[in-house]
Amino acid sequence: MFVLVLLIPTQAFAVDFDITEVRIDAQLNEDGTADVTEQFTYQFDSDFEGITRSLIPKEGTSIEGFAAAENGNALEVEMEDGLYKIYRAGEDGETVQVELTYQITGAVEKYEDGAEFYWPFFDRSNESEYGDMTISVIPPAPATETEALGYDEAFDTSSIAEDGTAIFALGHVPDGENADIRAIFEPELFPGVTAQGGSVRDELAEDRERLENEAAAFAESQQTAKSIGIPAIAILGAILLAIVLLSWIRASRRKRQIRSQPSEFFVPKESMSIPALLYFTNSSTLSPNAISAAILDLMRKGNIRQLSEDWFELIERTTDYKHEDVLIGLLFDRIGNSQEFTLEQVETYTKNEDNHETYNETIAKWNTGVGAEVNAQSFFENHTGLRWIAGIMSAAFMGLAIYMGIYELFPWMAASIILAMLAFGFALGYAPITRRGHELRHEWRQLKAAMEELPAEQWDRLTTDEKQRAFAYLIGSDQKTAERRASVFTAAESETDGSSFVTNPVFMTAVFVTASTTTSSSASASAGSAGTGGGVGGGGGGSGAF
């Protein structure tokens with residue numbers, strides 16, 4: 001289940017695309033505005049209607065004049081709550097380069113020692129990765145005292161061009177990350193901006209020193225994590241794999257010993273109900289076929305009598321197992337009239353959507369009851385100590401995964417998660433089948449295989465009870481073989497009171513298969529948002545497609 005959660009897309013039916021390249025140029029003007037040009041290159045792997053761009057301005061600023069174009073041709077744009085939808089439909093396999101333009105008012109703040117552009121072009125609400133991103137902040141005239149600093153994903157990516165342009169080469173940017181960029185120029189380049197008191201370059205220098213110290217401390221801690229975490233993962237992983245391998249070899253050896261024993265066709269002695277045998281030897285999730293098998297088993301025991309192909313009568317309510325009570329309650333009390341039910345009534349009942357929840361809940365309760373009968377047989381060994389060891393190892397691996405993830409050792413984090421899942425699965429599910437359990441499975445599976453081509457004379461040598469149990473098991477486990485052999489196995493089989501054992505089990509099974517399909521339902525949904533503004537000053541944004 002954990003693996004499936006990791007693999008399921010975050011949005012059902014979302015457009016599949018990659019943003020391979022992003023170029024953002026912020027041309028600063030003397031009045032403190034910034035004319036921004038963004039070029040996004042999209043590669044689509046599905047049909048699409050357009051792209052999206054969310055822009056959340058910092059406090060005290062605003063976004064004006066947003067427009068989009070492709071190869072100089074204007075594109076239709078809609079905006080709602082900071083989310084711009086650019087309509088440009090296309091098909092799977094297309095590569096699209098869209099140019100976005102807008103102006104930021106109040107983009108530059110001027111102080112005594114410099115004029116600052118401090119802006120988040122995206123924030124943690126961004127749901128798209130950027131393959132290769134470059135951001136350039138261009139002064140209104142050549143500058144000689146430019147300083148630049150990037151935060152979060154933009155840290156240690158800045159450089160200064162000869163004309164004083166601040167360039168941030170971010171490269172690959174994961175989704176869900178911040179990356180604020182900060183550039184300071186000479187204040188006289190912005191005569192149209194009112195100066196504030198105080199200085200800004202000292203603050204930038206302090207931030208740079210702090211970030212560099214944090215990076216150095218992180219690198220040192222990362223090295224410590226490597227020296228401690230990697231050997232721990234390797235040693236514990238080797239121990240876990242050895243435990244799993246030895247346990248598997250032991251279980252496989254026992255299974256081979258049972259299979260290697262010579263045997264001839266026979267119907268095993270009655271030890272459980274037919275549904276319980278199907279649960280243990282075939283699948284713990286009982287199929288609709290198993291309901292037919294359960295009805296045949298109740299007919300064999302004398303609880304139910306079949307009056308015609310479609311018509312059944314309740315003879316005796318006292319049963320051997322709780323799950324048989326549940327099934328009788330569903331068929332006779334909910335669907336029938338307490339004494340009789342017909343297959344036509346099953347179809348009518350399950351076609352009514354108001355009955356779907358009750359039907360499914362009752363079948364689930366029946367399935368659980370069958371499982372309880374199997375569990376009472378002690379077919380599984382209980383290695384409590386070994387499972388506790390695996391559980392403790394699972395917790396240790398999860399701790400190591402968190403530790404390695406904090407210090408961005410992602411391959412080792414992934415290895416720890418996989419080993420944690422393996423250990424947890426072992427702790428949760430390790431219960432090897434006993435020798436008697438393997439023998440029972442082998443006997444019934446061998447019987448099913450033999451019945452595919454069983455000669456009529458060999459079938460005739462069986463007792464009535466053996467024939468009924470064998471055929472009921474076949475109905476529940478192998479519908480195709482049961483259909484092929486139905487006429488042979490049901491001919492001339494009569495109870496002492498003259499009623500037929502079953503005239504058409506294939507028809508009965510088809511009714512319950514249809515009932516299961518009818519009562520099943522599924523739903524899916526998709527959603528999106530414009531973002532929350534987690535960058536500097538409450539600004540940010542992101543990219544997407546629709």
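Buried means under 20% relative accessible area, exposed over 50%, and partly exposed in between (1.4 Å probe, protein chains only). This is a predicted model: local features need pLDDT of at least 70, side-chain atom pairs count only at pLDDT 80 or more, and totals for chains, interfaces and linings use all residues. Residues are numbered from 1 along each chain as its sequence is written, and side-chain values use heavy atoms, leaving out hydrogens and water.

E381 sits in the loop between α7 (356-375) and α8 (384-406). Helices are DSSP runs (H or I, at least four residues), numbered from the N terminus. The relative accessible area of E381 is 18%, so E381 is buried.

Beyond neighbours within four places in sequence, E381 is in contact (heavy atoms within 4.5 Å) with R250, R254, A431, P432 and T434.

## The R250–E381 bridge

R250 and E381 form a salt bridge through their side chains, at 3.3 Å, N to O. The term requires a side-chain nitrogen of Lys or Arg within 4 Å of a carboxyl oxygen of Asp or Glu. R250 belongs to helix α2 and E381 to the α7–α8 loop, so the pair ties together parts 131 residues apart in sequence. R250 is partly exposed at 37% relative accessibility.

## Other salt bridges

The whole structure holds 25 salt bridges. D207 and R210 pair at 3.7 Å, N to O. Both lie in helix α2 (residues 201-259), three residues apart, about one turn of the helix. D207 is buried at 14%; R210 is partly exposed at 37%.

E270, D297, R300, K301, D320, E324, D465 and R469 are linked in a salt-bridge network.

Terms used:
Helices (H or I, at least four residues) and strands (E, at least two) are DSSP runs, numbered from the N terminus.
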